[in-house]
Amino acid sequence: MTQPSRGGEYDVAVIGGGLVGSALAWGLARAGQTVAMLDEGDIAVRPSRGNFALVWVQGKGLGMPEYAGWTKKSSDDWSGFADLLREQTGLDVAYRRPGGFMPMLSEEDLQARANTMMRLHNQPDMIRYPYEVMDRETLRKELPFIGPDVVGGTYCPLDGHCNSLRLLRTLHKGIGLLGVDYRPNHRVERIEHRDGGFRMSIADGGAGGEVRAGKIVLAAGHDSARLAPMVGLSAPVRPQRGHVIVTEKTAPFLHHPTVYVRQTDEGGVMIGDSFEEAGFDTTLQPGISSAIAERAIRFFPLLGKLNVVRSWAALRVLTPDGFPIYEESKTAPGAFVATCHSGVTLAANHALTLAPLIAAGGLGDGFTPFSARRFHVPQAA
Amino acid sequence: MFRRLPEIETATQAVSFTIDGRPASARAGDSVAAALLANGVTACRTTPVSGAARGPYCMMGVCFDCLVTIDGTGNRQGCQVRVAPGMAVETQNGKREVER
């Protein structure tokens, strides 16, 4: 293990123990850094426990082609990432990449979707990838049990999914094996940049005291909005609620993930993709649950026979344009922020690409488009 | 392993049904789970993930360990369904099928 750097007990402190923080801590420790991961307790707002587990590419990045490329890279690296995790921990995060579908219920929606995919791929600097727009008959050859209302859909062979709860567990086991100091109940109250390092005051309701590190990474999801200004950064994120329903475990029948419905490795069928602006309220809204269930049954009528075993609402971490923020502070060098709403899809990038850059000391020019400064200055013509 | 109280044996009517296609007998008013136990079927399914054997346990709708296929529908709670004449009860091997 390397020596802690000047000005801190640790080379780097990662603030946040969800999927983004855990993937970064794993990658940083693998790059030889001494790492503390400061997490809240069990009742933290934790999207990592509520998400839909897609490793999804198609359709992302209209308005920021760099995000499309970043997403594709993570998808391409995901299989190797899952292998590394399995070799290290003995746990299988059940990553599969059979290609994903976005089925559509009206000709207008299908046309709009096809246009979006075309505009996405016509952007300058877009790294193109294969996809298909399918009519009903073509789609039915791949998904034989679509309902009569499905008119067609789009398909992308890069799309996949995993078991995201097991991913979080696996990363936590992995960072333990790598010697990361995992500190739960360490809600960071205040951050001071002093003597070339950082001092974090821990909330008295939790562990209390102080943690010092040479570098810090804000990966605290919603709480990054509060923490970022303490070190000259900005993370204007807001919660966007989504509902998820999961059915009883069923013999495998749905061999591809879709945006709205997927079958997990253990057999349960997850139904999701609602969007509500409701602040930090995670109360389940039965009207929304029944609307997403009804839509899922229009896609796949045979789902109507299954029993629901659980449903919940969770909060996406969204920036104003929906794209991630990756940035190092200008006024407090060594302070980084990483926030996104696709902590599953981008986990491979965070662990294998972003973490080594932070370990080496900087993000480089490639990350300029992901700076939060895009929200502060008027766009040049 | 399980035996009926003698007064139940005499006070209720016999009901014929099948377990995995084999003829079986219960008493009117029995739940499917009770009827399985009375017929010596103590393991009525295997779990979807590990494949471990499971049988009726709580008998009151809580534990979901008595899941069986009843008249073609999978994952029914045996303790919450009354056995009926001619009912086809099937033990379940792992996950239910979406089509049944």
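# A walk through a predicted two-chain model

Two strands pair if DSSP finds at least two bridges between them. This is a predicted model, in which local features need pLDDT of at least 70, side-chain atom pairs count only at pLDDT 80 or more, and totals for chains, interfaces and linings use all residues. Residues are numbered from 1 along each chain as its sequence is written, while chains are lettered from A and ligands numbered from 1 in the order in which they are written.

Back to our pair of strands: B:Arg45 stands opposite B:Gln92, a residue of strand 8 of chain B. Both strands belong to an open sheet of three strands in chain B, with the order 4-3-8 and mixed pairing. Strand 4 (53–54) and strand 8 (92–93) of chain B each have a single partner strand and stand at the edges, so one side of each has no neighbour in the sheet.

Zooming out, chain B holds two helices and eight strands, arranged from the N terminus as α-β-β-α-β-β-β-β-β-β. The radius of gyration of chain B, taken over C-alpha atoms, is 13 Å, close to the 13 Å given for 100 residues by the globule rule (2.2 Å times the number of residues to the power 0.38), so chain B is as compact as a globular protein of that length. Its C-alpha trace spans about 40 × 25 × 20 Å along the principal axes. Of the 100 residues in chain B, 33% are buried, meaning that 20 or more other C-beta atoms, placed from the backbone, lie within 10 Å of the residue's own; 12 or fewer make a residue exposed, and values in between partly exposed.

How do the chains meet? Eight residues of chain B are in contact with 11 residues of chain A, where contact means C-beta atoms, placed from the backbone, within 7 Å. On the chain A side, the touching residues divide into four nonpolar, three polar and four charged. Nonpolar covers Ala, Val, Leu, Ile, Met, Phe, Trp, Tyr, Cys and Pro, charged covers Asp, Glu, Lys and Arg, and the others, Gly among them, are polar.

Now for chain A itself. Its mean pLDDT (the predictor's confidence in each residue, from 0 to 100) is 94, and 97% of its residues reach 70 or more. Over residues 1–7 of chain A, however, the pLDDT is below 50. Where pLDDT is low, the predicted coordinates should not be read in detail.

An automatic or database assignment supplies the domain bounds: domain 1 of chain A is 10–50 + 165–236 + 321–375 and domain 2 is 97–158 + 238–318. The centres of these two domains of chain A, taken over C-alpha atoms, are separated by 30 Å.

A:Tyr131 sits in the loop between helix 3 (107–121) and strand 5 (132–135) of chain A. A:Tyr131 is buried because 23 other C-beta atoms lie within 10 Å. A:Ala225, in helix 6 (residues 224–227) of chain A, counts as partly exposed, with 19 C-beta neighbours inside 10 Å.

Definitions and conventions: Helix = DSSP H or I, 4+ residues; strand = E, 2+ residues; numbered from the N terminus. Contact = placed C-beta atoms within 7 Å.
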